[in-house]
Amino acid sequence: MKLSISTRAARAAMFVAVTVRLFLGLAVELPTTHNGAWISALIGALLAAPWVVCVRYGRSSGLVLIALTALDAASVLASITRSTGYLALDRALPWVLTVPVAAAALWSVWRNGDAIGYAASIGARLALLLLVIVGLLQARAFRPAWLAPVLGSGWPSILEGGVRAAGWIAVSSSTLAVADGDDSPLSRLIPLAGGALAAALLLLLSGMITPTRLGGGWLNRLDDLLCNGRAPLYTQLPMIVVWFAGLLHLLAAQCFACAALVQRTANLNGKWIGAAVVAAILMVSRLPALNEAALWIARWGFLAAAIPVAATALLGGGDRKCASGD
């Protein structure tokens, strides 16, 4: 089995993955940007734009991208487990919550890249419909005044959030690195811009439904997002559906991209590689040191992903197509 994905499906997968990863990172994992989180999402897109254009032709970045994508996928899997545990009606062991999610990710990888990409295209339309309905039902609860001060904690934290957002974009758009066929730079930048704008809009809307919580833990911020008490109870189910569907797609896209990159390095059967990659991500997601690794990716992931690609382009070792798009 060869792991492959068409350019169109890769762009669709990237759009949803970037949107979800930016929102997860800036709304739940990294609240220090305060009300300026939406600006960080846009800055991250600007920083990541050259990487998105050239990543397919930076051959030396393969191993680095595998490591970064696998670590971030483990972090996303841990986030899904936390979210599941938060909503569980009775106490369950983490492995009981994690293994079925990993199995779903493996099944998605075995269905191959186009299935993931086109499912993302359909899912994005359904999510938009649900969010519009929820937004209309919650319109009276929005408080635009809560978006002030617009810069939140100030430009230093916004710029730091922008660098972290660029790193999250890099690991969320890794499906482009394994896409088949040629495409233009503009076609790669469209899903990047769309994902960043969608994440920025969602961050603004979430800021109007509940004030940003700088203190408290991860689950406190998730509680504010899904069950904040200000929204009607009947809007919580659509929000939960969109939340888990988005996280599951993000995990599937990252697992697939990681497995496809590994297959390019070691030409083995895609089913065996997919199983090995998902198993490794599952094991890493349960390690105590994962939080430190996720923090490292947030701080330095973009530089780690960008330096090999930039070096390849500057030294002329890569394909000139990253500049021309031909």
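**From a surface loop to the helices around it**

A: Start with Tyr234, which sits in the loop between α8 (218-226) and α9 (236-265). Helices here are DSSP runs of H or I with at least four residues, strands are runs of E with at least two, and both are numbered from the N terminus. The model is predicted: local features need pLDDT of at least 70, side-chain atom pairs count only at pLDDT 80 or more, and totals for chains, interfaces and linings use all residues. Residues are numbered from 1 along each chain as its sequence is written, and side-chain values use heavy atoms, with hydrogens and water left out.

Is Tyr234 buried or exposed? Tyr234 is exposed, at 56% relative accessible area. Buried means under 20%, exposed over 50%, and partly exposed in between (1.4 Å probe, protein chains only).

Now the helix pair. The axes of α5 (residues 113-137) and α9 come within 10 Å and cross at roughly 160°. That makes α5 roughly antiparallel to α9. Axes are lines fitted to C-alpha atoms, for helices over the stretch in contact, with angles of 0 to 180 degrees between N-to-C directions. Under 35 degrees counts as roughly parallel, over 145 as roughly antiparallel, 65 to 115 as roughly perpendicular, and the rest as oblique. The α5 and α9 crossing is left-handed: the near helix is turned anticlockwise from the far one by less than a right angle, whereas clockwise would be right-handed.

Val241 lies in α9. Val241 is partly exposed, with a relative accessible area of 43%. The C-alpha atoms of Val241 and Leu130 are 9.1 Å apart, across 111 residues of chain.

Next, the loops on either side of α5. Asn112 is in the loop between α4 (94-110) and α5. Its phi is near 80°, a positive value in a residue other than glycine. At 16% relative accessibility, Asn112 is buried. Pro149 is in the loop between α5 and α6 (155-172). The peptide bond from Ala148 to Pro149 is cis, with omega near -5°.

Arg164 and Glu160 are separated by about one helical turn, because they are 4 residues apart in α6. Arg164 is buried at 7%, while Glu160 is partly exposed at 40%.

How many salt bridges does a search of the whole structure find? The search finds 3. Arg21, Glu29 and Asp72 are linked in a network. Arg21 pairs with Glu29, with the closest N and O atoms 3.3 Å apart. Glu29 is partly exposed, at 25% relative accessibility. Arg21 also pairs with Asp72, at 2.9 Å between the closest N and O atoms. Arg21 lies in α1 (residues 7-29) and Asp72 in α3 (residues 62-87), so this pair ties together parts 51 residues apart in sequence. Both Arg21 and Asp72 are buried.

How values were computed
Salt bridge = Lys/Arg side-chain N within 4 Å of Asp/Glu carboxyl O.
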